[in-house]
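Student: I am new to this structure and would like to learn how to read it. Could we go through it step by step?

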Amino acid sequence: MLFVFGFYWIREYDCRFPDAADEDEHQEQDKELGRPGIVVSNHVSYVDILYHMSSSFPSFVAKRSVARLPMVGLISKCLGCIFVQRESKTSDFKGVSGAVTERIQRAHRQKNSPMMLLFPEGTTTNGDYLLPFKTGAFLAKAPVKPVILRYPYKRFSPAWDSMSGARHVFLLLCQFVNYLEVVHLPVYYPSEQEKEDPRLYANNVRKLMAVEGNLILSDLGLAEKRVYHAALNGNSLPRALHQKDD
């Protein structure tokens, strides 16, 4: 599917072992502290999912609508993904959060268990910014593997941030060659203070990813994005603000 979308070459940069001496040290640390239970990544496009699926076969949390997508929906079900209704007030948030935490802890303890994948921003950006992280990925107190995705382009951006999905897919297919760069950061092992404070843990990982990925930290989030989309679509501002409150 990546090949069909024009991603013929994907450049990957592994920053986990800067030199040979550090490699042995990191391997010993991995054995002592355990493997990461989750991959955390910035979210730019639906292509992010395709890359991570082909790279590490993780389970992930997605909107229920993803389950109905051709091919991607079938693969996500096979990977044991957790589907949620993001806009629903009646969704069992604690149940979803507990299931995610249990999956992360299991992957951390068991070598053969698939890791979870979460986009802690909760929505896509244009690729230049990093939105505030939600704490769901950090409640398990397990190490995380940060990954940064970048999409260099000259004409049409693979970032999905403002137009309909069908139109974006069509225009992306019209661009015969697309580029993706992936930066694998060192596994982040939380301190005792970070384990007790998931928000601190999330903020520290976010700052690290912003520095290493040359990304701009933004205080805006999903609520503001909904207001922006409502304005683009000509919806009334009160309705957009109502969605923001949700």
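Tutor: Gladly. Contact means heavy atoms within 4.5 Å. This is a predicted model, where local features need pLDDT of at least 70 and side-chain atom pairs count only at pLDDT 80 or more, while totals for chains, interfaces and linings use all residues. Residues are numbered from 1 along each chain as its sequence is written, and side-chain values use heavy atoms, with hydrogens and water left out.

Student: Is His168 buried or exposed?

Tutor: Buried means under 20% relative accessible area, exposed over 50%, and partly exposed in between (1.4 Å probe, protein chains only). With a relative accessible area of 1%, His168 is buried. You will find His168 in helix α5, residues 165-174.

Student: How many helices and strands does the protein have?

Tutor: Helices (H or I, at least four residues) and strands (E, at least two) are DSSP runs, numbered from the N terminus. Here there are nine helices and nine strands. Of the 246 residues, 42% count as buried.

Student: Where does Gly73 lie?

Tutor: Look in helix α3, residues 72-78. Gly73 is buried, with a relative accessible area of 0%, and apart from neighbours within four places in sequence, Gly73 is in contact with Val66 and Ala67.

Student: Which residues of the largest nonpolar core touch the most other members?

Tutor: In soluble globular proteins, nonpolar side chains tend to be buried together. A nonpolar core is a set of buried Ala, Val, Leu, Ile, Met, Phe, Trp, Tyr and Cys residues joined through side-chain atoms within 4.5 Å. The largest one has 29 residues, of which Phe7, Val47, Phe60, Leu149, Tyr151 and Leu180 touch the most other members. Two or more residues come from each of α2 (47-56), β3 (59-63), β7 (144-150) and β8 (180-184). The largest share of this core, five residues, comes from α2. Apart from this core lies another, of 25 residues, among them Ile104, Met116, Val144 and Leu185.

Student: How many disulfides does the structure hold?

Tutor: A disulfide is a covalent bond between the sulfur atoms of two cysteines. The cut-off is a pair of cysteine sulfur atoms within 2.5 Å, and the structure holds zero disulfides.
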